[in-house]
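Visitor: I have a structure open and would like to go through it with you. Could we start with the backbone and then move on to packing?

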Amino acid sequence: MRVDIVTKEYPPEVYGGAGVHVTELARVLRRRLDVRVRCFGAPRDEPGVTAYAEDPALQAANPALSTLGVDLAIAGDCAGADVVHSHTWYANMAGHLAKLLHGVPHVISAHSLEPLRPWKAEQLGGGYAVSSFCERTAYLGADAVIAVSGGMRADILRAYPDLDPARVHVVHNGIDTSDWRRDDGPEAAAAVRTLGIDPGRPAVVFVGRITRQKGLPYLLRAAAELPADVQVVLCAGAPDTPEIMAEVSTAVAALQTRRDGVVWIERVLPRAELCRVLSFATVFACPSVYEPLGIVNLEAMACGAAVVGTATGGIPEVVVPGETGWLVPIEQVTDGTGTPVDPDRFVADLAATLTDAVGDPARARRYGEAGLVRAREHFSWDAIGAAVEAVYRTVA
């Protein structure tokens, strides 16, 4: 069986969880199938991978239109595939057009949903209406949709009630615990010191893009209430807009005037470096207001970090309260933004939970050890690859 995987992100141009997912999925599926990857961006040297640059005539256009230009080029090249598998709205229209053009089944992996990310209008302007159109059209026409969590499946069926529930399958994201692993020896301790982190102090660590869904502004407010000896380590970059970057920059600067040990790392850390940072976390914080699953939580767990996560989306399917971490309750408005109904209450609950977590490092370490076991046993890529192939077999 030949499967053409269509994606915006692929190494070395990976900036989010969807890109991580595609990378690992392609690797494990190649053991079973003929896999061709079609991605956006600069040429790749990897066999079986074809990259597509933006049409120069569309480079000055709204980003949504330049995305469609790439999709058109990809769709034409999917001739001969037995299944086309697209990831995120950027690639969904390529998959949909390939289905129409070549009569090939189209499978979508749902990593996020445009109706639940209305803040993207800040970034795309009228292009958000275009991206929403592309996603809806592709989902309703897809032969199968793979949700990365049960919570995500429920979101899909709410957002697209005309979609046949029988076509929506749940296959969790995964983690490779041979790549993501604890590294807290003397050399690692020296390395994190060069980043401004004191390995001898308790630390709350955040890793994520600067985007509304990740909830970073709420974490920064909660961090002001943490015990004075606790470090706050922010591996945060790739802002969606200049406005949210300015908001976060102002909040970080204000926090740094109130307490020491606030470390902001704006560059994307290589995996080995990030493993070291996560290994010295007393607790990993995931304050997201929208998170279909949260690969970043699995990465933290694989490095032996306990997790404090918001009880939303797929996070409760990853974090087990009282075993691998803590869940922070949240009541959210129903306009698609994920905004807490009572932001002050959410911040207070987040601060209290983080304070409880860092207050007993031995317990946090036990939770982290249990999290590693859970990541290894329940989220292996071999099992995920087999489940995805099984979905292909239902449509091919």
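Guide: We may begin with T88, which sits in the loop between β4 (83-87) and α3. Please bear in mind throughout that this is a predicted model.

Visitor: What is the phi of T88?

Guide: Phi of T88 is positive, at about 75°, although the residue is not a glycine. Most residues other than glycine have a negative phi.

Visitor: And is T88 buried or exposed?

Guide: T88 has a relative accessibility of 16%. Buried means under 20%, so T88 counts as buried.

Visitor: Which residue other than glycine has a positive phi near 50°?

Guide: That is A238, whose phi is near 50°. A238 belongs to the loop between β9 and α9. With a relative accessible area of 43%, A238 is partly exposed.

Visitor: Which residues does a cis peptide bond join?

Guide: The cis bond joins P11 and P12, with omega at about 5°. P12 is placed in the loop between β1 (2-7) and α1. Most peptide bonds are trans.

Visitor: Let us turn to helices. At what angle do α3 and α5 pack?

Guide: Helix α3 (residues 89-102) packs against helix α5 (residues 127-141) at an angle of about 45°, and their axes are 8 Å apart. That angle makes α3 oblique to α5. The crossing of the two helices is left-handed.

Visitor: Which residues of α3 and α5 make the contact?

Guide: From α3 the contact has W89, N92, M93, H96 and K99. From α5 it has S131, F133, C134, E135, T137, A138, Y139 and G141. By class, the residues of this contact of α3 with α5 are six nonpolar, five polar and two charged.

Visitor: How are α1 and α14 arranged, by angle?

Guide: Helix α1 (residues 17-29) and helix α14 (residues 381-395) pack at about 80°, with axes 9 Å apart. This makes α1 roughly perpendicular to α14. On the α1 side the contact is made by H21, E24, L25, R27, V28 and L29, and on the α14 side by W381, D382, G385, V388 and Y392. The contact of α1 with α14 divides into six nonpolar, two polar and three charged residues.

Visitor: What is I156 in contact with?

Guide: Setting aside neighbours within four places in sequence, I156 is in contact with A110, L113, Y139, V145, A147, L163 and V168.

Visitor: Which residues of α8 are buried?

Guide: They are L216, P217, Y218, L219, L220, A222 and A223. Seven of the eight residues of helix α8 (residues 216-223) are buried, so the helix is largely enclosed by the rest of the structure.

Visitor: What do those buried residues of α8 pack against?

Guide: The buried residues of α8 pack against the strands β8 (203-209), β9 (231-237) and β11 (283-286), and against the helices α9 (242-258) and α12 (343-358).

Visitor: Back to loops. Where is T312 found?

Guide: T312 is in the loop between β12 (306-310) and β13 (325-328). T312 is buried, with a relative accessible area of 9%. Not counting residues up to four places away in sequence, T312 touches S288, V289, Y290, E291, I330 and Q332. T312 and L327 are 15 residues apart in sequence, and their C-alpha atoms are 8.9 Å apart in space.

Visitor: Lastly, D162: buried or exposed?

Guide: D162 counts as exposed, at 60% relative accessibility. The loop that holds D162 runs between α6 (150-159) and β7 (168-170). Leaving aside neighbours within four places in sequence, D162 is in contact with R136 and L140.

Visitor: How many residues apart in sequence are D162 and A285?

Guide: D162 and A285 are 123 residues apart in sequence, and 36 Å apart in space, C-alpha to C-alpha.

Definitions and conventions
Residues numbered from 1 in each chain as written. Predicted model: local features only at pLDDT ≥ 70, side-chain atom pairs only at ≥ 80, totals over all residues. Heavy atoms only, no water. Axes fitted to C-alpha atoms, helices over the stretch in contact; angles between N-to-C directions. Helix = DSSP H or I, 4+ residues; strand = E, 2+ residues; numbered from the N terminus. Parallel < 35°, antiparallel > 145°, perpendicular 65-115°, else oblique. Left-handed = near helix turned anticlockwise from the far one by under 90°. Contact = heavy atoms within 4.5 Å. Nonpolar A, V, L, I, M, F, W, Y, C, P; charged D, E, K, R; others polar. Buried < 20%, exposed > 50% of the residue type's maximum accessible area, 1.4 Å probe, protein only.
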